[in-house]
Structures are given as C-alpha cells and as structure tokens.
Amino acid sequence: MKAIAMRIAGIGRYLPQRVVTSDELARLCNVPAGWIEEHAGVSERRWASRELGETNASMGARAALEALAAAGVDAADVDCLIYASATAQQLIPDTSVYVLRELGLADAGITCLSIHSSCLSFVSALDAAACRLASGRNERILVVSSEINSIGLNFREPESAALFGDGAAAVL
C-alpha cells in the first residue's frame with residue numbers, strides 16, 4: 001500500500017462539563033468501590049449533558065473551532081468536513097450538517113459526509129481525507145469526531161460500561 005502525504009495543521013478537543021468518577025459509575029454498575037478503576041484503569045470520565053446544550057454537533061463544533069484556531073484558518077476556508085462517529089446525533093440528515101450549522105456554515109456549500117465505523121471512525125476519516133487531498137478534490141479538510149457513548153451504556157455489564165465516556169476531537 002502506498003503512503004499518502006498529508007499534514008495536520010491544527011488539533012482541537014472538547015470535554016463535556018460533567019465529570020463522572022469511577023466510584024459514581026461503580027454505584028450505577030452495582031460493583032464495589034474501586035472495582036472500576038482497578039479493572040479499567042480510569043478514575044474519571046466525562047458525560048455530555050443535554051441540559052447544558054452538549055450534543056454531538058455542539059461538542060464537535062467546539063473541537064473544530066479549537067483546531068481551526070490552532071491552524072490559524074477561518075472556518076469559511078474549509079472545503080470539506082468529514083464527521084467520524086459511532087454515535088450519530090441522528091441518522092437523517094446526518095450529524096455532519098449539524099456540525100456545519102454550529103460553525104455558522106450551513107449555507108456555505110461545503111462538502112460534508114460522515115463515516116460511522118465504530119472505534120475506527122476517526123482513523124477511517126483520516127484515510128478518506130488523505131485520499132481526497134491526494135486526488136486534488138479538496139485542499140482543507142476538517143475531520144470531526146464526537147461521541148456520546150454514555151447514552152448506550154449497559155450498567156449490568158461493568159466491564160464495558162467502565163470504558164466509555166463522551167467527548168469530541170477535531171483536526172484540520
């Protein structure tokens with residue numbers, strides 16, 4: 001396989017405001033205090049709050065704005081947005097258009113698409129971005145990943161519930 005050159009110009013992230021400790025999660029999972037941290041190695045994670053306006057799109061847009069600022073690029077100069085997630089805000093229309101709207105680019109005519117391949121979504125989106133750049137189709141691609149895994153946790157399975165939190169990341 002031939003390598004495709006690309007450069008990451010800016011990185012951004014967003015963490016939800018609500019901090020959930022492993023002890024709090026242990027109570028929800030009905031396991032002893034300390035069990036979650038011992039088995040997962042995680043002392044705290046973040047969970048999004050709709051009451052605070054934290055959605056997949058809003059978290060993704062906040063991460064995107066940080067990546068754009070780090071790169072010194074205006075959002076209007078992006079010509080493609082690839083949204084990468086296992087937990088879409090909704091299916092139709094897809095979350096990518098909502099991220100554009102949060103960025104104030106709903107009417108900008110920017111190509112947007114989504115890749116939903118579970119844990120590999122972000123890596124798959126980077127690969128798609130590299131291919132689009134190599135083909136000359138795009139010049140500045142914003143890859144945004146935003147996950148709200150907390151809505152699907154099964155507290156009767158602490159082994160998996162202990163692993164997932166919420167947050168967003170973006171690269172230009």
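Modeller: Residues are numbered from 1 along each chain as its sequence is written. In this predicted model, local features need pLDDT of at least 70 and side-chain atom pairs count only at pLDDT 80 or more, whereas totals for chains, interfaces and linings use all residues; side-chain values use heavy atoms, with hydrogens and water left out.

Biologist: In what order do the five strands form the open sheet?

Modeller: Strands are DSSP runs (E, at least two residues), as helices are (H or I, at least four), numbered from the N terminus. Two strands pair if DSSP finds at least two bridges between them. The pairing in this sheet is mixed, and the order is β1-β7-β6-β4-β5.

Biologist: Which are the edge strands?

Modeller: Neighbouring strands of this sheet are turned by 15° against each other on average, direction ignored. An edge strand here pairs on one side only, and the two are β1 and β5 (111-115).

Biologist: What angle does the direction of helix α4 make with that of β4?

Modeller: Axes are lines fitted to C-alpha atoms, for helices over the stretch in contact, and angles run from 0 to 180 degrees between N-to-C directions. Helix α4 (residues 95-102) packs on the sheet and touches β4 (80-84), β5 and β6, where contact means heavy atoms within 4.5 Å. The angle between the directions of α4 and β4 is about 125°.

Biologist: Which residues of α4 are buried?

Modeller: Buried means under 20% relative accessible area, exposed over 50%, and partly exposed in between (1.4 Å probe, protein chains only). The buried residues of α4 pack against α3, β4, β5 and β6. They are Thr95, Ser96, Tyr98, Val99 and Leu100.

Biologist: Why do α3 and α4 count as oblique to each other?

Modeller: Angles under 35 degrees count as roughly parallel, over 145 as roughly antiparallel, 65 to 115 as roughly perpendicular and the rest as oblique. Helix α3 (residues 56-71) and α4 pack with their axes 8 Å apart, at an angle of about 55°. The two helices are therefore oblique.

Biologist: Which residues of α4 make the contact with α3?

Modeller: On the α3 side, the contact is made by Asn56, Ala57, Ser58 and Ala61. On the α4 side, the residues are Thr95, Tyr98, Val99 and Glu102.

Biologist: Which residue is joined to Pro93 by a cis peptide bond?

Modeller: Pro93 is placed in the loop between β4 and α4. The cis bond has an omega of about -15°, and the partner of Pro93 is Ile92.

Biologist: Is Asn30 buried or exposed?

Modeller: Asn30 is found in the loop between α1 (22-29) and α2 (35-40). Although not a glycine, Asn30 has a positive phi of about 60°. At a relative accessibility of 71%, Asn30 is exposed.

Biologist: How far apart in space are Val78 and Asn30?

Modeller: Val78 has its place in the loop between α3 and β4 and is buried at 6% relative accessibility. Leaving aside residues up to four places away in sequence, Val78 touches Leu68, Ile110, Arg140, Leu142 and Leu172. Val78 and Asn30 are 48 residues apart in sequence, and their C-alpha to C-alpha distance is 47 Å.

Biologist: Which residue forms an aromatic pair with Trp47?

Modeller: Rings of Phe, Tyr and Trp (its six-membered ring) pair if their centres lie within 6.5 Å; planes under 30 degrees apart count as stacked, over 60 as edge-to-face and the rest as tilted. A search of the whole structure finds one aromatic pair. That pair is tilted, with 6.2 Å centre to centre and 40° between the planes, and the partner of Trp47 is Phe155.

Biologist: How many residues apart in sequence are the parts that this pair ties together?

Modeller: Trp47 is buried at 7% relative accessible area, whereas Phe155 is partly exposed at 26%. Trp47 lies in strand β3 (residues 44-47) and Phe155 in the loop between β6 (141-148) and α6 (158-161), so the separation of the parts in sequence is 108 residues.
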